[in-house]
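Colleague: Please take me through one part of this model in detail, with the cut-offs stated as you go. I would like the sheet, and then the loops around it.

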Amino acid sequence: MRRDIDYLRRRVKPRPEPVVAAPVTQVAQPVAPASAPTAPPAAAAPSTGLTLGGPSSPAPTVPAPTTTRPASTGLTLGGSSEPTATPSTPSARPAAPAAPSTPQPFPAPTAEEVRVLDDETPLVRLDPRQSAIGSLIVGGATAIVWETVDRVTGVASADGGADGTPVTTPGNRPLLGFDGGDAILALRHVHLIRRALFVGTAGQPLTVQLFDDENFAAADEAGGVPVVSLLRIGSRLELRLEPLPADIPLKTLVRQFGFEPTPYVVGREPRRR
């Protein structure tokens with residue numbers, strides 16, 4: 001009997017006792033309330049270069065101040081340091097005041113509308129282009145009188161007589177003179193002239209020709225001496241018929257219109273001793 005028991009003990013191996021694991025207890029994590037906003041992760045501070053020693057953790061970032069101070073406008077000498085309020089400026093600038101209008105000349109016929117200056121239409125006004133381009137040619141004139149903006153006055157006749165002071169242009173040509181029996185005013189230098197007279201022959205008309213082939217005549221129907229007075233008003237020339245008696249002397253005619261010939265002084269080299 002004992003042999004059988006020993007035999008069975010040798011044949012049957014003892015089983016290891018099972019190990020019972022300890023129970024695991026789960027700890028509940030706290031749940032954030034839904035209404036609380038989630039803070040954004042802090043941005044890592046930028047690297048400033050090689051770090052010599054010390055902890056490798058980034059330095060804490062200092063939050064920016066919530067209020068900003070106004071930029072300094074310079075040195076403040078005393079007084080309050082509070083910024084002064086800047087008055088608000090309107091977005092649109094006020095309109096500039098209009099320039100005062102200058103008086104305009106009264107209406108007058110143009111060179112395109114007049115064929116003859118007579119008692120019914122004694123005046124014609126040229127436009128700025130006709131008053132400044134080319135030459136104003138007056139045919140049939142026997143004498144001319146001029147006065148410049150400098151009050152230089154002179155008289156010249158078709159037969160070569162002259163009185164007063166001649167006026168020449170920068171091109172060394174007369175501002176107003178005779179050429180081939182016609183009186184010619186150089187309109188290129190019209191800014192030098194203030195007024196002028198063109199004297200004709202009794203019973204004969206004066207003819208006026210412009211650069212653009214516009215022309216008209218001036219005649220005295222009563223048989224007197226036709227006189228055309230020229231006046232510059234700004235950039236325009238006005239020509240008016242002024243009939244006078246046939247027997248009026250030229251000197252009287254010149255003074256009657258208010259012209260006084262200025263003495264002519266010939267320039268010469270200074271004398272040396």
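Modeller: Asn172 is exposed, with a relative accessible area of 65%; exposed means over 50%, buried under 20%, and partly exposed in between, with a 1.4 Å probe and protein chains only. The model is predicted, so to speak of local features pLDDT must be at least 70, side-chain atom pairs count only at pLDDT 80 or more, and totals for chains, interfaces and linings use all residues. Residues are numbered from 1 along each chain as its sequence is written, and side-chain values use heavy atoms, with hydrogens and water left out.

Asn172 lies in the loop between β6 and β7 (176-179). Strands (E, at least two residues) and helices (H or I, at least four) are DSSP runs numbered from the N terminus. The phi of Asn172 is near 60°, a positive value in a residue other than glycine. Most residues other than glycine have a negative phi. Asp213 also has a positive phi, near 70°. Asp213 sits in the loop between β10 (206-209) and β11 (215-218), and at 61% relative accessibility it counts as exposed.

Now the sheet. Seven strands form an open sheet in the order β2-β13-β12-β9-β4-β5-β6, with antiparallel pairing; two strands pair if DSSP finds at least two bridges between them. The edges are β2 (123-125) and β6 (162-164), each with a single partner strand, so one side of each has no neighbour in the sheet. Direction ignored, neighbouring strands of this sheet are turned by 15° against each other on average, where the axes are lines fitted to C-alpha atoms and angles between N-to-C directions run from 0 to 180 degrees.

β12 and β13 form a hairpin with two residues between them, and Gly234 in the turn has a positive phi of about 65°.

Six bridges also join β4 (residues 143-148) to β9 (residues 193-199), which run antiparallel. Here Glu147 stands opposite Arg195 in β9. The charged end of Arg195 sits over the ring of Phe259, 3.8 Å from its centre; the rule asks for NZ of Lys or CZ of Arg within 6 Å of the ring centre and within 35 degrees of the ring normal.

Two further loop residues remain. Pro243 lies in the loop between β13 (236-241) and α2 (250-256) and is partly exposed, with a relative accessible area of 37%. Not counting residues up to four places away in sequence, Pro243 touches Asp220 and Val225, contact being heavy atoms within 4.5 Å. The C-alpha atoms of Pro243 and Val228 are 8.3 Å apart, with 15 residues of separation along the chain.

Gln130, in the loop between β2 and β3 (135-139), is buried, with a relative accessible area of 1%. Beyond four places in sequence, its contacts include Ala111, Glu112, Leu187 and Leu210. The side chain of Gln130 makes a polar contact with the side chain of Asp212 at 3.2 Å. A polar contact is a pair of N or O atoms within 3.5 Å; within protein, one must be able to donate a hydrogen and the other to accept it, and residues adjacent in sequence count only if both atoms are side-chain atoms.
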